[in-house]
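Please look over the model shown below before reading on. The notes after it are meant to be checked against the coordinates.

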Amino acid sequence: MPTDKIKLATFYFSPTGTTKKVIDYIVKGIEGDIICTTDLTKRYNREKTPDESFADAALIIIGAPAYGGFLYKEFRNYIKNLDFQGKCIIAVILYGNASPVFATREMISIIKKGNGKLLGYGEFVGEHSYSGKDIPVAKGRPDNDDLQKAIQFGRSVRDRLLNTEIWHFYNKVSVFDKIINFVADKKPVHTGKRMFTIPHTDNEKCIRCFKCIKVCPKNCISTDMTTDKNECIVCMACVKICPTGAREAYPKNIIFKLGLHSINKRKHESRFF
Ligand SMILES: Cc1cc2nc3c(=O)[nH]c(=O)nc-3n(C[C@H](O)[C@H](O)[C@H](O)COP(=O)(O)O)c2cc1C
Ligand code: SF4
Ligand code: SF4
């Protein structure tokens, strides 16, 4: 294993950018060189047939947020079809201060089933997609402490990678892994439709910058600013990126509002293993 820049490949889904940010800091800690990036937030990447452009990488980083405690289905469907060719992999899960629940285990079981060597995994707190001015939830996370932890994780991963002969890989597909995979395959696509209204545009405030259209992982906003309600997964990427506050969505009822308040009161720590 070379002691200079480690060649890395990344696969991630990150509508509101927190997963991408944490991965960037992990890469700093690894002192790695990204030779291949697959941004699965982009619909055209999710729809492409996976190729083997990661073949020269010494380490693969896979990252995604928890959606309803699991992985977003289209992301899952992409990575579960990859053959990792025995490569070292780390898993990165972002979650909005509630809980990653099963998303981490789901990712780990996909890596093991896909012939990857799990070198480590991290669960990091990111500002909740439904955090807003009125109801902040994990506002500003990942903060400086989270990002320092991401760098530490990266350093530790570099160390493990340079000492693979003594590092223990968790590769055995357990009964639990099989159950998680079974449930995740069967369960319906999780979206925020039950919690929040589909975002719409206030034309008075809209400056037609089209940032919302570019960021939408489902390509479901038209140039006349209407949203395809069937396609929208209520990921809030368009709301968060809108520079004028023209893109709006609201909690559907008081129960969800109270739920967000209570999630915000917790103080989860980011951690890695
Ligand atoms: C549809 C949906 C479901 C979510 N479910 C959870 C959850 O189960 N637990 C949690 O802690 N956060 C949940 N979140 C919050 C995200 O995991 C969190 O904000 C994450 O940082 C977003 O990652 P990104 O910035 O890379 O898109 C959910 C967000 C959305 C949009
Ligand atoms: S329109 Fe829906 S899917 Fe597209 S960015 Fe906005 S919330 Fe996400
Ligand atoms: S990001 Fe906001 S201001 Fe820009 S086009 Fe979309 S709704 Fe309009």
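The points below go through the model's domains, sheet, ligand shells and backbone geometry.

1. Basis. This is a predicted model, in which local features need pLDDT of at least 70 and side-chain atom pairs count only at pLDDT 80 or more, while totals for chains, interfaces and linings use all residues. Residues are numbered from 1 along each chain as its sequence is written, and chains are lettered from A and ligands numbered from 1 in the order in which they are written.

2. Domains. The chain splits into domain 1 (6-186) and domain 2 (200-249), with bounds that come from an automatic or database domain assignment. Their C-alpha centres are 27 Å apart. Six residues of domain 1 contact seven residues of domain 2, where contact requires C-beta atoms, placed from the backbone, within 7 Å. On the domain 1 side, the touching residues comprise two nonpolar, three polar and one charged. In this classification Ala, Val, Leu, Ile, Met, Phe, Trp, Tyr, Cys and Pro are nonpolar, Asp, Glu, Lys and Arg are charged, and the others, Gly among them, are polar.

3. Sheet order. Six strands form an open sheet in the order E2-E1-E3-E4-E5-E8, with mixed pairing. Helices (H or I, at least four residues) and strands (E, at least two) are DSSP runs numbered from the N terminus, and strands pair if DSSP finds at least two bridges between them.

4. Strand pairing. Strand E1 (residues 6-12) runs parallel to E2, joined by seven bridges; Ile6 is placed opposite Gly32 of E2. E4 and E5 are also parallel, over eight bridges, with Ile93 opposite Glu123 in E5. The pairing of E5 with E8 is antiparallel over two bridges, and Glu123 has Arg271 as its bridge partner in E8.

5. Helices on the sheet. Helix H4 (residues 103-113) lies across strand E3 (59-65), strand E4 (88-95) and strand E5 (117-125), at about 160° to E4. Helix H5 (residues 144-162) packs on the sheet and touches E1, E3, E4, E5 and E8, its direction making about 175° with that of E5. Axes here are lines fitted to C-alpha atoms, for helices over the stretch in contact, with angles from 0 to 180 degrees between N-to-C directions.

6. Crossovers. E1, H1 and E2 form a right-handed β-α-β unit, and E4, H4 and E5 form a right-handed unit of this kind. Right-handed means that, with the strands pointing away from the viewer, the path from the first strand over the helix to the second runs clockwise.

7. Ligand 1. The shell has 28 residues, of which Thr19, Pro65, Gly96, Ala98 and Gly126 come nearest; a residue is near if its C-beta atom, placed from the backbone, lies within 6 Å. Helix H1 (18-30) and E4 are the elements that give two or more residues to this shell. By class the shell around ligand 1 has 11 nonpolar, 16 polar and one charged residues. Why does ligand 1 lie between domain 1 and domain 2? Both domains give residues to its shell, so ligand 1 lies between them.

8. Ligands 2 and 3. Around ligand 2 there are 15 residues, with Cys216, Cys232, Cys235, Ala237 and Cys238 coming nearest; the classes are 13 nonpolar, one polar and one charged. Ligand 3 is surrounded by 13 residues, the closest being Cys206, Cys209, Cys212, Cys242 and Ala246. Its shell has eight nonpolar, two polar and three charged residues.

9. Backbone geometry. Most residues other than glycine have a negative phi, and most peptide bonds are trans. Two places deserve a look. The peptide bond between Arg141 and Pro142 is cis, with omega of about 0°, and Pro142 is in the loop between E5 and H5. Gln85 is not a glycine but has a positive phi of about 55°; Gln85 sits in the loop between helix H3 (73-79) and E4.

Conventions:
Two residues are in contact if their C-beta atoms, placed from the backbone, lie within 7 Å.
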